[in-house]
Amino acid sequence: LPKPYRMTSSPSDLVASRIDGAVLTITMQSAATGNALNLAMTSALADALERVNAHEEVRCVVLCASGKNFCTGGNVNDMRDGTDLMAGSTTQVRERLLKSLHRITHAVHGIEVPVIAAVNGLAIGAGFDLSLMCDVRLCSEDARFSESFLRLGLVSGIGGAWFLTRLVGLSKAMELTLTSEFIDAQAALRLGVVSQVFGAGQLQAEARKLAERIAMNPPHGMRMAKRLVRDASQSTLSGALEQAASMQAILLCGDEHKNAVRGFLANARGTR
């Protein structure tokens, strides 16, 4: 029988959150706009992301989108008209970006459990950057990615330079930024932007399967493992070893580890 599920709250028209077992799926559902990050979408998505850590039963998150595209970034019509996120003076726009788009960046980066981005269709500009914030990225065969800001005379305002450089290295990040070129799913796989590519009809099911596999891990150890791997890219070796020793000591003395060992040994005996 399928596992019971529940919504984390009443779904908005723009973003729906659903908990199924230990997996929380957050779906952007403004297909008509390509799930563009206008003020309304930004607020709805940030609200959903900021609630994740309050759900102790959740051990993995899948971020996905309805329609043909994952997220097409900012709304170009609003840019042309100076409306929505782009309304007002330089100071007003800056404050709005800090208090809206940056809520998403901080929220994703602050989620304690692993986050999987399931990327279909276009992920461009801030949409590409949104996927980069996640811990793991899967995509469909029709996915295309672009750090497209310079096409519109802009830079990434949501953290793309920080995330992309750490993912693909300085030289390639510079190339993708300065050319605004599109890369397809296979190029994204070669660069390590995504870890797996699936047929368009398989993406959601495969993302779910990976999330369920991750969610089987002991929850406290998994949270620490995520922090350790993420922090390693920014720390010295001595700092990474100090952090690893502290985490390992906490886990070795805890019931979660002892229960996992008992389960491992019981399974090992059963396979003899």
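Author: Let us begin with helix H1, whose buried residues are Met 41, Thr 42, Ala 44, Leu 45, Ala 46, Ala 48 and Leu 49. The coordinates belong to a predicted model, and every value discussed here is computed from it.

Reader: What do the buried residues of H1 pack against?

Author: They pack against strand S2 (15-20), strand S3 (23-28), strand S4 (60-65), helix H4 (101-110) and helix H5 (126-132).

Reader: How do you know the same kind of thing for helix H10?

Author: The 14 residues of H10, residues 219-232, should span 20 Å at 1.5 Å a residue, and because the end C-alpha atoms are 20 Å apart, the two values agree.

Reader: Which residues of H10 are buried, and what covers them?

Author: The buried residues are Pro 219, Gly 221, Met 222, Arg 223, Met 224 and Lys 226, and what covers them includes strand S5 (115-119), helix H9 (203-215), helix H11 (237-252) and helix H12 (255-270).

Reader: Why is Arg 230 called partly exposed?

Author: Arg 230 lies in helix H10, and its relative accessibility is 24%. Buried requires a value under 20% and exposed a value over 50%, so Arg 230, falling in between, counts as partly exposed. The C-alpha atom of Arg 230 is separated by 8.6 Å from that of Asp 135, although the two residues are 95 apart along the chain.

Reader: Why is Ser 180 called buried?

Author: The relative accessibility of Ser 180 is 2%, and since buried means under 20%, the residue counts as buried. Ser 180 lies in the loop between helix H7 (170-179) and strand S9 (182-184). Leaving aside residues up to four places away in sequence, Ser 180 touches Ser 146, Glu 147, Ser 148, Phe 149, Leu 150, Arg 151 and Glu 175.

Reader: What makes the backbone of Ser 180 worth a remark?

Author: Its phi is positive, about 55°, although Ser 180 is not a glycine. Most residues other than glycine have a negative phi. Asn 35 likewise has a positive phi, near 55°, and is a residue other than glycine. Asn 35 is placed in the loop between S3 and H1, and with a relative accessible area of 0% it is buried.

Reader: How do you know that the chain as a whole agrees with a compact globule?

Author: A compact globule of 272 residues would have a radius of gyration near 19 Å, and the chain has 20 Å, which agrees. Along its principal axes the C-alpha trace spans about 65 × 50 × 35 Å. Of the 272 residues, 42% count as buried, and residues 24 or more positions apart account for 67% of the contacts with a separation of 6 or more.

Reader: How many helices and strands does the chain have, and how many positive and negative side chains?

Author: The chain has twelve helices and ten strands. There are 28 positive and 25 negative side chains, and the centres of these two sets lie 5 Å apart.

Technical notes: Residues numbered from 1 in each chain as written. Predicted model: local features only at pLDDT ≥ 70, side-chain atom pairs only at ≥ 80, totals over all residues. Heavy atoms only, no water. Helix = DSSP H or I, 4+ residues; strand = E, 2+ residues; numbered from the N terminus. Expected span 1.5 Å × (residues − 1). Buried < 20%, exposed > 50% of the residue type's maximum accessible area, 1.4 Å probe, protein only. Contact = heavy atoms within 4.5 Å. Rg over C-alpha atoms; globule rule 2.2 N^0.38 Å. Lys, Arg positive; Asp, Glu negative; His and termini not counted. Charge placed at Lys NZ, Arg CZ, Asp CG, Glu CD.
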